[in-house]
Amino acid sequence: MRLEEIAAKLGCETLSAVDHDIDVDAVVASDGMSEILAFHRPHALMLTGLTNIQSVRTAVVADVCALIYVRGKRPDAKVLALAGEHGIPVLATPRGMFESCGILYEAGLEGVM
Amino acid sequence: MPEELLSRSFDLHSHDFDKAGEISTEIKGMLKELGIDSQVIRRVVVVCFEAEMNVVMYADEGTLTFVLTDEDINIEIADCGPGIADVDQALEEGWSTATDEMREMGFGFGMGLPNIRRNSDSFDLRSKVGVGTTVTSTIRLDGLG
Amino acid sequence: MAEYAHGFVIRESDCAGCMTCMRACPTQAIRVRDGKARAINELCIDCGACLTVCPSGAIRPTSRTLDDFADFAFKVAVPSPVLFGQFPQEVRPEHIVHGLLAVGFDAVWDFGVDLRLTTLAIADYLDRWDGPRPVIAITCPVVVRLLQVSYPKLLEQLIRMKPPREIAGREVKRHYARELGLPQDQIAAIYIAPCQAKTVSIDQPAEGGRSTLDGSIGIPGIYNSVLASATDAVKRGEIRIDASPVRSATMVSWSTPRPLADLPSHHRYMSVTGLPNVIRVFDDVERGRLKHIDFLECSACWAGCGNGNLTVDNVYLSQAKLQSLAVELPETDPQTEAEVARRYPDEDFALERIPEPRTTVATGDLRERVRRLKEAERLEGLLPGLDCGLCGTPSCKVLARDVASGHATREDCVFLSKHRIAELRRVYRCRM
């Protein structure tokens, strides 16, 4: 599924330059960064409620294709700058983690575990 | 005996949350330039990142030593932290002594050490309460661990 | 190390050592030593950027003339579709064919058939391919060489099919050998090339082996004489062959920025032109983006092959001319389709070998690579980071790597050697 379709389904706001030409086939969702590192698959979409700098560092290490912050949370400018440096598109959805995952699962996306 | 080709040492400081992860990024860039296999790089980077976070969260000071030989990559993280009382328990997934503050950082869910072990071809953890902890991880370059 | 053939020469006597080419080179393949530019053989991808920017005209494409093929009994021109947009509007494709025959070719090949065959084969290939996507087109030789130098991992995604000019070269020989009863090696298949990169790819295919074509002549090499006879034919209303080689709109599309106009629409197709754009897109492909694209066509030249460095006319003018020609033409042509239907079942499109990565960054064993990395990092710390270019390399980082691999010395930097400026004054005859 295209990132732009996902963004539309979750009502995402775009926080950094987003290349909509990204094709997502799997999702990794957690507030625990080690969970993401343990179960990641390269180029998965990452969903998290954690907005600190470690969320982006984890995204870099786990080689995700894009990062969506849930529950309307927004990272600060420093965090967005690091994401930009590594070319990771960042979005934010007002929906919570449970709802977001439900919507994406319903839409046919699979988890990485 | 594998021949040592390159060795780098990095200092780790407790509670330096903003900087944690920089070492992994630096190591990633270096290994890429050396033309190391991307799967191997991915595993090394996960090990380094988790180790960095461990020291930053639990210990006072520590050192990450990265050694590249003609056969493998060795990462040793030695800290002078509080030490781990029950090593076997610490290696169980989900077991953690993290504080709420650490969990707010996205870490401390009992996955760090198991993650390091999962990505290592050989793994060793030695700890003495009141002295410190040393984690060693070896990842083979040929990916045939 | 393999020797790579290139499609240009830097004439030392004309080179002013101005470093313009060195700064323009996208693979950082040019160094300036003693006031003269030199290209590093294995890094050069034949994009022609240096040739375009050189203010003193010292960098020139190597080219051949028809005389170089004098030993062949029968000479066949295989014209790139780009050729047909290079002449004044009143000079129609059939006049151009007339001109080619007048300048000494014995026949002009009906290349539209090979182009159509290639599109069908690509569509089939995409239906069968179960490897990583997008599949990358092989038509632009610069793109193939860029993959070999900078994106070795993506070579796996390169389509394992001969480009249409190679399919044509093979058929030219078969066809005329049969028709004339001549041995195949007496028949020359000569490509009329819009860029010097295609010349290189015929002299030395990236995948190794030999081209089915015997060589190429750049458009400028035949332009004036073809124009003269073609214009004459227009005036007199007489032509030697009245069959146009351009009979369908899809053939015209091959010289536009979106060549595969007739690829079935269930294949998601993306076309990118201009080397900086191609590099950006390859970075994305390497990160696993663009997986939803089935076929990726990249052309190193802005606006496609019509802007090759061996074209004569302005790319937009030539495309406008071709488009007005295409308006009069049907989408497909029955004569072409009949020939395609006859040839398709037996045609072998497979590329015998996959191009291999060029040994550049990863030269030497790990021990040697580590030694160079350490040395380069140490040196980079000593250099000013200004990228002034006075050392003759495009950046401080490149100088550090050159020194580490023994191709330069740290004294080349004006900051690290007090003699360097004096030396440059002498070389550039600067009196202060």
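Modeller: Strands β4(B) and β5(B) run antiparallel and are joined by 7 bridges. This is a predicted model: local features need pLDDT of at least 70 and side-chain atom pairs count only at pLDDT 80 or more, while totals for chains, interfaces and linings use all residues. Residues are numbered from 1 along each chain as its sequence is written, and chains are lettered from A and ligands numbered from 1 in the order in which they are written.

Biologist: How do you know that β4(B) and β5(B) pair?

Modeller: Two strands pair if DSSP finds at least two bridges between them, and here there are 7 bridges, so the pair qualifies. Ser122(B), for example, has Thr138(B) in β5(B) as its bridge partner. The two strands form a hairpin with 3 residues between them, and Gly130(B) in the turn has a positive phi of about 85 degrees.

Biologist: And what makes something a strand or a helix?

Modeller: Both are DSSP runs numbered from the N terminus: helices are H or I over at least four residues, and strands are E over at least two.

Biologist: What makes β1 and β4 of chain B the edge strands?

Modeller: The open sheet has 5 strands in the order β1-β2-β3-β5-β4 (chain B), with antiparallel pairing. β1 (4-13) and β4 (122-128) each pair on one side only. From one strand to the next, the twist averages 10 degrees. β1(B) pairs with β2(B) (residues 61-69) over 9 bridges, again antiparallel, and Arg8(B) stands opposite Phe66(B) in β2(B).

Biologist: Which helices lie across these strands?

Modeller: Helix α2 (residues 38-58) of chain B lies across β1, β2, β3 (72-79) and β5 (132-140) of chain B, at about 5 degrees to β3(B). Helix α13 (residues 366-382) of chain C lies across β1 and β2 of chain B, at about 50 degrees to β1(B). Axes are lines fitted to C-alpha atoms, for helices over the stretch in contact, and angles run from 0 to 180 degrees between N-to-C directions.

Biologist: Why are α3(C) and α8(C) called oblique?

Modeller: α3 (residues 93-102) and α8 (residues 219-236) of chain C pack at about 125 degrees, with their axes 8 Å apart. Angles under 35 degrees count as roughly parallel, over 145 as roughly antiparallel, 65 to 115 as roughly perpendicular and the rest as oblique. Their angle falls in the rest, so the pair is oblique. Among the residues that meet are Leu100(C) in α3(C) and Leu227(C) in α8(C). The contact divides into 8 nonpolar, 4 polar and no charged residues.

Biologist: What makes a residue nonpolar, charged or polar?

Modeller: Ala, Val, Leu, Ile, Met, Phe, Trp, Tyr, Cys and Pro count as nonpolar, Asp, Glu, Lys and Arg as charged, and the others, Gly among them, as polar.

Biologist: How many residues of chains A and B are in contact?

Modeller: 16 residues of chain A are in contact with 18 residues of chain B; being in contact takes C-beta atoms, placed from the backbone, within 7 Å. On the chain A side, the largest share, 6 residues, comes from α3(A).

Note on methods. Two residues are in contact if their C-beta atoms, placed from the backbone, lie within 7 Å.
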